[in-house]
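Work through these exercises with the model open beside you. Try each task before you read its solution.

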Amino acid sequence: MKRKGNFYPEIYNFSNLYLSFLQVRKGKRYKKEILEFYFNLEENLFDIQKNLKNETYKHGDYKTFIVRDSKKREIKAPRVRDRVVHHALCNLINPFFDNTFYNYSYACRKGKGNHMAVADVKRKLNKKDDFYCFQSDISKYFDSVNHCFLYKIIEKKIKDVKVLKLIREIIESNEKGIPIGNLTSQLFANIYLNELDQFIKRKLNIKYYFRYMDDFLIFSIDKKYLREIKEKVQIFLKEKLKLEYKEKATRIFPISLGIDFLGYIIFKEYIVLRKKTVLRLVKKLKGKDFSIAFYTWKAYSKKSKSYNLTQKIFNKLFC
């Protein structure tokens with residue numbers, strides 16, 4: 001299956017560029033860089049259109065900063081101009097690639113997300129009392145994506161040489177790996193690990209497999225079998241994708257111990273909130289008004305067994 005025809009002009013179609021700006025602006029309407037771009041919006045969009053049409057577009061540099069949530073991460077934020085181009089490209093190619101992705105891959109996909117991932121895992125656990133879980137994620141995943149191999153994967157699906165040239169420009173805008181701050185990186189990350197999904201499902205014929213970006217789970221009633229799968233997946237990651245397990249996050253264990261996944265601890269009978277995630281969220285909620293805090297907490301805790309904890313936290317924050 002390939003993206004048919006010459007669709008490059010659709011990327012720089014003015015309607016698509018304007019839609020892309022609105023997508024960039026969403027939730028950031030009053031930020032200085034957005035306001036500056038908006039002040040000369042038509043001129044800026046026509047300039048992007050001209051650069052894309054003439055194939056003279058060059059990706060700009062990044063603003064780098066560090067965030068500390070569950071872990072320390074380096075974020076590279078592109079300029080508004082480049083973000084518009086990212087959205088314009090993804091608007092055209094994301095639906096096509098998404099149709100080729102594994103159904104139980106949840107990150108950065110419309111209609112998916114972490115709540116669905118947790119719910120689906122919980123539902124599968126109800127089928128067996130004696131499952132073992134092989135859990136792992138990828139060491140420094142975004143930094144480790146190989147540019148050459150990523151481009152080759154994309155090239156198999158897209159045949160428009162001008163679109164490929166634009167994609168290469170975006171990929172090569174970062175010296176190593178793919179930057180977390182790019183919209184395109186979310187799509188590229190899923191394209192890259194879809195190779196792992198297909199290997200696990202088609203070559204290894206694994207029945208119970210779930211992935212959220214670089215975190216993944218495989219279930220089986222046979223612990224020895226999971227050890228064999230662990231070795232086969234490790235070889236595939238290293239030889240085909242130039243990736244490695246994060247050793248501290250790689251283990252095989254009985255599901256009765258609970259599965260620490262996406263901020264929750266999942267048991268066969270119920271789900272509880274992960275302590276570190278709760279403490280981090282409570283810290284963020286301090287100083288917020290009640291309605292913001294309530295709906296933020298509700299979104300996080302709605303799938304879990306947390307009534308008493310909710311009462312305790314809100315009494316502490318607002319009473």
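This is a predicted model: local features need pLDDT of at least 70, side-chain atom pairs count only at pLDDT 80 or more; totals for chains, interfaces and linings use all residues.

Residues are numbered from 1 along each chain as its sequence is written, and side-chain values use heavy atoms, with hydrogens and water left out.

## Exercise 1

**Solution.** 
- Step 1. The chain has 14 helices and nine strands. These are DSSP runs, numbered from the N terminus: helices are H or I with at least four residues, strands E with at least two.
- Step 2. Of the 319 residues, 45% are buried. Buried means under 20% relative accessible area, exposed over 50%, and partly exposed lies in between (1.4 Å probe, protein chains only).
- Step 3. Take contacts (heavy atoms within 4.5 Å). Among those between residues at least 6 apart in sequence, 70% join residues at least 24 apart.

## Exercise 2

**Task.** Which residues of helix H9 (residues 161-171) are buried, and what do they pack against?

**Solution.** 
- Step 1. Val163, Leu164, Leu166, Ile167, Ile170 and Ile171 are buried in H9.
- Step 2. Look down the axis of H9. The buried residues fall within an arc of 160°, so they line one face of the helix. The arc is that of the directions from the helix axis to the C-beta atoms.
- Step 3. Recall the geometry. An α-helix has 3.6 residues a turn, so residues three or four places apart point the same way.
- Step 4. Find the partners. The buried residues of H9 pack against helices including H4 (41-53), H5 (80-98) and H10 (183-203), and against strand S1 (62-68).
- Step 5. Check the start of H9. There, a side-chain oxygen of Asp160 comes within 3.0 Å of the backbone nitrogen of Lys162.

## Exercise 3

**Task.** Describe the sheet that holds strand S8, and find the helix that packs on it.

**Solution.** 
- Step 1. The sheet is open, with three strands in the order S7-S8-S9 and antiparallel pairing. Two strands pair if DSSP finds at least two bridges between them.
- Step 2. Strands S7 (259-261) and S9 (271-273) are the edges, each pairing on one side only.
- Step 3. Neighbouring strands of this sheet are turned by 30° against each other on average, direction ignored.
- Step 4. Helix H6 (residues 114-125) packs on the sheet and touches S7, S8 and S9. The direction of H6 makes about 15° with that of S8. Axes are lines fitted to C-alpha atoms, for helices over the stretch in contact, and angles run from 0 to 180 degrees between N-to-C directions.
- Step 5. Three bridges join S7 to the antiparallel strand S8 (residues 264-266). Phe261 stands opposite Tyr264 in S8.

## Exercise 4

**Task.** Is Asn205 buried or exposed, and where in the chain is its place?

**Solution.** 
- Step 1. Asn205 is in the loop between H10 and strand S4 (208-212).
- Step 2. Asn205 is exposed, with a relative accessible area of 56%.
- Step 3. Asn205 has a positive phi of about 55°, although it is not a glycine. Most residues other than glycine have a negative phi.

How values were computed. A polar contact is a pair of N or O atoms within 3.5 Å; within protein, one must be able to donate a hydrogen and the other to accept it, and residues adjacent in sequence count only if both atoms are side-chain atoms.
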